[in-house]
There are 2 protein chains.
Amino acid sequence: MAKTFPDRQRTLGSLLRLPYQALQSAVYGALAERGFDDIRAAHSAVFRHIDADGTRLTVLAERAGMTKQSMAYLVDALAQAGYLTAAADPQDGRARRVLLTRRGDQAMTALLELSADFEHRLAERLGTARMARLRTLLEALADVVEIAPDGANAT
Amino acid sequence: MAKTFPDRQRTLGSLLRLPYQALQSAVYGALAERGFDDIRAAHSAVFRHIDADGTRLTVLAERAGMTKQSMAYLVDALAQAGYLTAAADPQDGRARRVLLTRRGDQAMTALLELSADFEHRLAERLGTARMARLRTLLEALADVVEIAPDGANAT
């Protein structure tokens, strides 16, 4: 039992996860300060995957890699808080799409701004050249992850 | 509403999150194939933060940035599956520590091996020099994230 544990080693996983969590925490913290204090980081699974003209619940769940039930839980909470609404699907009248309301659209705009702000502040500290190299390498990593064995696809 | 949405842009957040999710999915998928098929990626919040000589539930929750209730839910599931046990805290007889069982220790060993394997395969595809540069830049990013404004700490 004298094993060292993942977060104390710097595994690739922790090197990816920790800045991502910091970004999420900063962005959703600042979102609350802008008056969207009923939106949690968990709701990002909805905002990240919803299309401008609405998306079916099953498609949202698929894109987020979640069960339909878990996605429905997030969608219901955001609908009750006034960020989402439902409408008939134009391609299939029996199906329903989830849509951003005007308030949901405002939250989305704020999320995109705050995320860009945070990235900009990090780039200032890291140096723009290093941030550009980091982005290039992360894009290359995304390409090799997509062809990695063992069903390692993100979607 | 003609906005583009975060995952279709390559935000820094999505560039960090997507390979992390791929890694988690590969590692926990392979863990199931090794016979640990009752361990889910969500349980990583426990394995990642538990000390070799056990950790209090409140400390686990703090380290993972979760509520005590959410952490208790994960810990209970892993205890029922035989991976964790509880013992009195040597520093405070009234408090209890969560400990890995022998089976939990085997799961941890497998997790560390699988994570290192996955990283090794990615390094082969990316090239070891590029993987080394990526790691160096991610470590630099971790340093600037820690001093970022807006309460952006990961812990």
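How many Å should the 22 residues of helix H1 (residues 12-33) of chain A span at 1.5 Å a residue, and how far apart are its end C-alpha atoms? The expected span, taken as 1.5 Å times one less than the number of residues, is 32 Å for this helix, and the end C-alpha atoms are 32 Å apart, which agrees. The structure is a predicted model, in which local features need pLDDT of at least 70, side-chain atom pairs count only at pLDDT 80 or more, and totals for chains, interfaces and linings use all residues. Residues are numbered from 1 along each chain as its sequence is written, while chains are lettered from A and ligands numbered from 1 in the order in which they are written.

Helices (H or I, at least four residues) and strands (E, at least two) are DSSP runs, numbered from the N terminus. Of the 22 residues of H1(A), 17 are buried, so this helix is largely enclosed by the rest of the structure. Here a residue is called buried if 20 or more other C-beta atoms lie within 10 Å of its own, exposed if 12 or fewer, and partly exposed in between, with C-beta atoms placed from the backbone. Just after H1(A) comes A:Gly35, with a positive phi of about 100 degrees.

Helix H5 (residues 102-126) and helix H6 (residues 128-146) of chain A have axes that come within 6 Å and cross at roughly 115 degrees. These axes are lines fitted to C-alpha atoms, for helices over the stretch in contact, and angles run from 0 to 180 degrees between N-to-C directions. On the H5(A) side, A:Leu122, A:Ala123 and A:Leu126 meet A:Thr128, A:Arg130 and A:Met131 of H6(A). Contact means that the C-beta atoms of two residues, placed from the backbone, lie within 7 Å.

The strands of chain A come next. They form an open sheet of 3 strands in the order E1-E3-E2, with antiparallel pairing. Its edge strands are E1 (55-56) and E2, each pairing on one side only. Two strands count as paired if DSSP finds at least two bridges between them. E1(A) is joined to E3(A) by 2 bridges, and A:Arg56 has A:Arg97 as its bridge partner in E3(A). Strand E2 (residues 84-89) pairs with strand E3 (residues 92-100) of chain A over 6 bridges, with A:Leu84 opposite A:Leu100. A hairpin with 2 residues between the strands is formed by E2(A) and E3(A).

Chain B also has antiparallel strands. There, 2 bridges join strand E1 (residues 55-56) to strand E3 (residues 92-100), and B:Arg56 is partnered by B:Arg97 in E3(B). A further 6 bridges join strand E2 (residues 84-89) of chain B to E3(B), where B:Ala86 has B:Val98 as its bridge partner.

Finally, the interior can be explored through its nonpolar core, a set of buried Ala, Val, Leu, Ile, Met, Phe, Trp, Tyr and Cys residues joined through C-beta atoms within 7 Å. The largest such core has 78 residues, and A:Val27 and B:Val27 have the most contacts inside it. Leaving aside neighbours within four places in sequence, B:Val27 is in contact with B:Leu111, B:Leu114, B:Ser115 and B:Phe118. B:Phe118 lies in helix H5 (residues 102-126) of chain B and is buried, with 25 other C-beta atoms within 10 Å. Not counting residues up to four places away in sequence, B:Phe118 touches B:Leu23, B:Ala26 and B:Val27.
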